[in-house]
Amino acid sequence: MKKKLAIYIHIPFCVRKCAYCDFLSAPATQELQKQYVGALVREIRDWEKWYPGRKDSYLVGSVFFGGGTPSILQPGLLAGVADAVRDSFEIACDAEITVECNPGTLDAEKLRVYRAVGVNRLSIGLQSAENEELLLLGRIHTWEDFLKSYALAREAGFDNLNIDLMSALPGQTLQSWQNTLHKVLALQPEHISAYSLIIEEGTPFYERYGGKESTMLPDEDTERRMYAGTGQILKETGYHRYEISNYALPGRECRHNICYWDGTEYLGFGTGAASLFGKERFCRIRDTQEYIAAVTNGTDTRIERNARSKKEHMEEFMFLGLRMMRGISKAEFADCFGVTMDKVYSAVLEKYIGYGLLREDGDRIFLTPEGIDVSNVIFQEFLLD
Ligand code: SF4
């Protein structure tokens, strides 16, 4: 039986850099975009050069174009990448194929081409429905621009849309966050990702709000109430939380992201793209010019190659699996590692089940609502010495 594989394609270009962003992305000329896509296509078409004879072992269940802003590309360029993926891998007939888009970069022609090459899901970066917050974030679009893009996507026939939102923004109140949620829910997208802003060093936001004493950021209590309110409001409107920060209508969970949490192998192409392939984790060259040069010269773009040890695999099984509301299976752990979960983790499990932060139900262990609030602390404890 073929193994399941997810494919990630990184497009490192954006119209301009948002003030909070530390992703691998930057503005670029049309010429650079063209050169990059040329290299990307070659890297994808040549992938078996590094893994001879492996194509027939895998069936691709999802492809995700992320960034950056993949929708910045001329539609013919994105179509060229999609064709390269189809020619180079066996793709399941019901594969989920997602393109990340930003409002202000979509038009009817792009959407038509996406559909023609098999894209069946869009993930739209909105972040906030309040124009003042969007301006502060340095986003290129307004709420009205988003509404136009959303309507275009529906008109083009997309029936699987995600909207990315962000809470705990500087100056944001519980009320303004809930306004964003209600405005978005009125559109009935199939999926909503709702993350809290993390202020990363090296960004303009860090200079402005990085200090702990910043009074512009919502305090811890407000942040917690935003988070709890999100779950409540979405639940009342039919969305179920299937991962700490992700909500979906029934059957519309993001299959690609689930692969990251359930340990499915994934192969990344393009600058900085991460992979878990075979027993190895690696990344690709991060610098765009260096990446293009390496692909052009036929040299290896893989960097930071690490064989994943059994210990690391066990740790990931626990803390990635517990991000999912369905939790983890003791039987799967035993099958995978040849030792029981209780033998390896009995002290941590007993402690957090005792505190009411983890719950055991039959074969499965999962976070309780209180456990979700402190999940990062719990996850740390699954690291083995
Ligand atoms: S659109 Fe996304 S990737 Fe691009 S700069 Fe803004 S946050 Fe970063």
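The model is a predicted one, in which local features need pLDDT of at least 70 and side-chain atom pairs count only at pLDDT 80 or more, while totals for chains, interfaces and linings use all residues. Residues are numbered from 1 along each chain as its sequence is written.

I then looked up the largest nonpolar core, which has 78 residues, and found Ile 9 listed with Ile 7, Leu 40, Val 63, Val 81, Val 85 and Tyr 266 as those that touch the most other members. Such a core is a set of buried Ala, Val, Leu, Ile, Met, Phe, Trp, Tyr and Cys residues joined through C-beta atoms within 7 Å, where buried means that 20 or more other C-beta atoms lie within 10 Å of the residue's own. Apart from this core lies another, of 13 residues, including Leu 322 and Phe 333.

Next I checked the domains, whose bounds come from an automatic or database domain assignment: domain 1 covers 3–261 and domain 2 covers 310–380. Their centres, taken over C-alpha atoms, are separated by 28 Å, and 7 residues of domain 1 are in contact with 8 residues of domain 2.

Technical notes. A residue is buried if 20 or more other C-beta atoms lie within 10 Å of its own, exposed if 12 or fewer, and partly exposed in between; C-beta atoms are placed from the backbone. Two residues are in contact if their C-beta atoms, placed from the backbone, lie within 7 Å.
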